[in-house]
Amino acid sequence: MRVRFLTLAGAVALSACSNTGPVQSAASDAPPAAEQSAVPLSAMSAEQIVQAMSVERKVAQLIMPDISTITPDDVRTYRFGSILNGGNSGPGGDDLAPAPEWLALADAVWEASSAPLANGEPAVPALWATDAVHGHSNIPGATIFPHNIALGATRDAELMERIGEATAAEIAATGIDWTFAPTLAVATDDRWGRTYESFSEDPQLVSKLGESTIWGLQGRPGSEGFLDQTRVIATAKHFYGDGGTGGIDRGNTAGSDEFLRSVHLAPYKPAIGAGAQTVMASFSSVNGEKMHGSKRLLTDVLRGELGFGGLVVGDWNGHGELDGCTNTDCPQSLMAGLDIFMVPEDWKGLYQSLLSQVNDGTIPMERLDEAVIRILKVKQNYGLFSRPRPSERSLAGDYSVIGADAHRAVAREAVRKSLVLLKNNGVLPLKPNAAIEVAGAGADSIAIQSGGWSITWQGGGELTNSDFPGATSIFAGLAKAMAEAGGTARLVSDSAAGAKPDAAIVVFGEEPYAEFVGDREDLAFRDEEGLELLREYKERGVPTVAVFLSGRPLWVNREISLADAFVAAWLPGTEGAGIADVLVGNTDGSPRYDFTGKLAFGWPSNCAPNSGNLFEFGQGGSYAASPALPALDLECALLNQDFSNGLRIFERGLNQAITASAADRGGQADLTNLVGKSPENAVSIAAFDKDAQEDARRITWSAPGTVVFDWKQQALPEAGALNLTYKVGARPQGQLLLKPQCEGCDDAIDLTSTVALAANLGWRTMQIPLSCLSDGELAGFTLESSSAYEFEMEIAGIVPQANDQKCTGPF
């Protein structure tokens, strides 16, 4: 075991940091290392350690950068207190990196942060945090459990504790210390893109399951296994009210103090009592007060009233959203009660501004020391100062732990306990000797059944089943179960092909998404693939079972009406066989497992928001008690939306009705959420933060290439314009063209003069009349550069406007 040493000779006096980085050497009056009194770091109190730290090292404890923007050398130089990997970050820039590469990077970070300092001050190791929100889901081969909305349907607190324990073990195997979980949001509007991260609309159920999850991740306080080498640090998030913003991510939760406390604050007292070491501040506001800047809420309520003694970490650049703040300058958040700034990319600027603000008195030394002491105490509780390097810990490097059979068994149990039966006309359980067909986009797609936060931040996209080694798709589970029972299951893409089956299972639902990308304006489910399949089977007289995959309840009355059985399967994760456990009967025709899941959220009766429930919270049928089906409203006026008042193409994520691709001489590549590269990498598109997390895109041409947007809606404004909010740096060296996508369109709009005039002038808006682009129905547009260039874009859309503008630039 490696032990780090430091001096007890008092605080190390160092000069102020320059603008180029932290001070590296000890003050001239520091005693030679040989004369210093060496004491193990693990033998000291947090207060003693702080006394021996320089201002530069203290400030570094407040900084949490992303692994995509730093190197181990940066860690060694600055001595960050913590790091994270975002949902799209991985070792060496590869978010599909195998587990050994994660552990190797964990060792490198530990070595860099623990390396002795020449001046004898403490070398405090860094913590590594990850979003393991439903299993260690960044790692290919890990067990991915059902998302929280499904786990809420189980109502099984003991199961949650086992899930937390299994997740912690798989995280520990890769040398990571800390997970940003569980989410304790009480989602009160299902349009919110993070609804599936919420256990329930009921605060008591959220409290119970959140408490158990924390016990599972960390161990129970006072027990022998509490925060041992098989456990990780948990995070109660997002404090508080994130689920009450009216379906808008980073919005405002309004209400009386009594209401806010009884609903949105309620889960935090049990979480703190369960020993949660960290709390994450919410992006959102409470009655107009931004959480990242609220001393009343982060200090007076969280610490004073609730008695929280751990550390408060910000969310992704959340401090930069405060009035008067930027990502690189925000003493307000620290003064409000934040202890760690999550600053993925702009860490150097924030480090320098914090250091200057401490030195000029804007931030009192007392507040700096308070934050650092809280961080150090969490590290002490975790045993970080006596732990060996990550690869030498008890589970590290045992890759059999990742996706272990025992963990997959727990996940499979969670799947079958989470299924909610909303309709059954007698087709279930499936007869053991039946010949069934399985159809639908979700039938054999582990990416779709896992949802967001699965390998990548948004999930889905170009991920294939091979990216989830060891996992089981829903179809694979059904095929195995039917074969064991004496029947057959066939995966089909054409519901009319082949002999008539005894029954058909149609697996359909939402495409994966995460965070604000998943925000919706209503609850209408518009993808009609499942609807068409159910209609086709109905016409053939084939009994059907609808298996609906979603991160929230949605209006699917048409599908419920057509199907003979309807199962809400949520987002089950990697163990699709759990669905077959309940749907397929024994050889004698009896159920192998009954439905036990109950709705943790009311199910909408209409597609309009707040229109009442078809099924209430707590409802759900079983084989023993078939569900009673209310009358179904099959009409939804929102299905035929009129886009004559405008169409958003890209704003805080790609419109779900839009497709995008990038092309070069090597061909064309489809893009998910407008992130990716063309086949020969001539065009690359990356997400970055402008006003919110990954709300803008940087398009970089290293050689000639194109980016294409296509949409299907036709009812665009008769008098309108293509609106682009953009920013450019250098003037273009070649041409930048915008080409309309429409039948018979050949002309291109030359944007070269427009962007040349905009060079280095910040964010600007251009509007190009639709009449300049197409005489008919515009179906998209292409951006094409003839040379190396960089173009940043935040918003693209169609807006109403008079068509009397000129059609030549600059626009």
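Author: A charge sits over a ring if NZ of Lys or CZ of Arg is within 6 Å of the ring centre and within 35 degrees of the ring normal. Please note that this is a predicted model.

Reader: At what distance from the ring centre does R250 lie over the face of F283?

Author: The cut-off for a charge over a ring is within 6 Å of the ring centre. R250 lies over the face of F283, and its distance from the ring centre is 3.5 Å.

Reader: How many aromatic pairs does the structure hold, and what is the angle between the planes of Y78 and W347?

Author: The structure holds 22 aromatic pairs. Y78 and W347 form one that is edge-to-face, with 5.2 Å centre to centre. Planes over 60 degrees apart count as edge-to-face, and for Y78 and W347 the angle is 80°.

Reader: How many residues apart in sequence are the parts that Y78 and W347 tie together?

Author: Y78 belongs to helix 3 (residues 72-78), whereas W347 belongs to helix 12 (residues 347-359). The pair therefore ties together parts whose separation in sequence is 269 residues.

Reader: Is W347 buried or exposed?

Author: Buried means under 20% relative accessible area. W347 has 6% relative accessibility, so W347 counts as buried.

Reader: Which residues form one aromatic cluster with F525 and F548?

Author: F525 and F548 form an edge-to-face pair, 5.2 Å centre to centre. F548, at 0% relative accessibility, counts as buried. The residues that form one aromatic cluster with F525 and F548 are F508, F566, W570 and W603.

Terms used:
Residues numbered from 1 in each chain as written. Predicted model: local features only at pLDDT ≥ 70, side-chain atom pairs only at ≥ 80, totals over all residues. Heavy atoms only, no water. Phe/Tyr/Trp six-rings, centres within 6.5 Å; stacked < 30°, edge-to-face > 60°. Helix = DSSP H or I, 4+ residues; strand = E, 2+ residues; numbered from the N terminus. Buried < 20%, exposed > 50% of the residue type's maximum accessible area, 1.4 Å probe, protein only.
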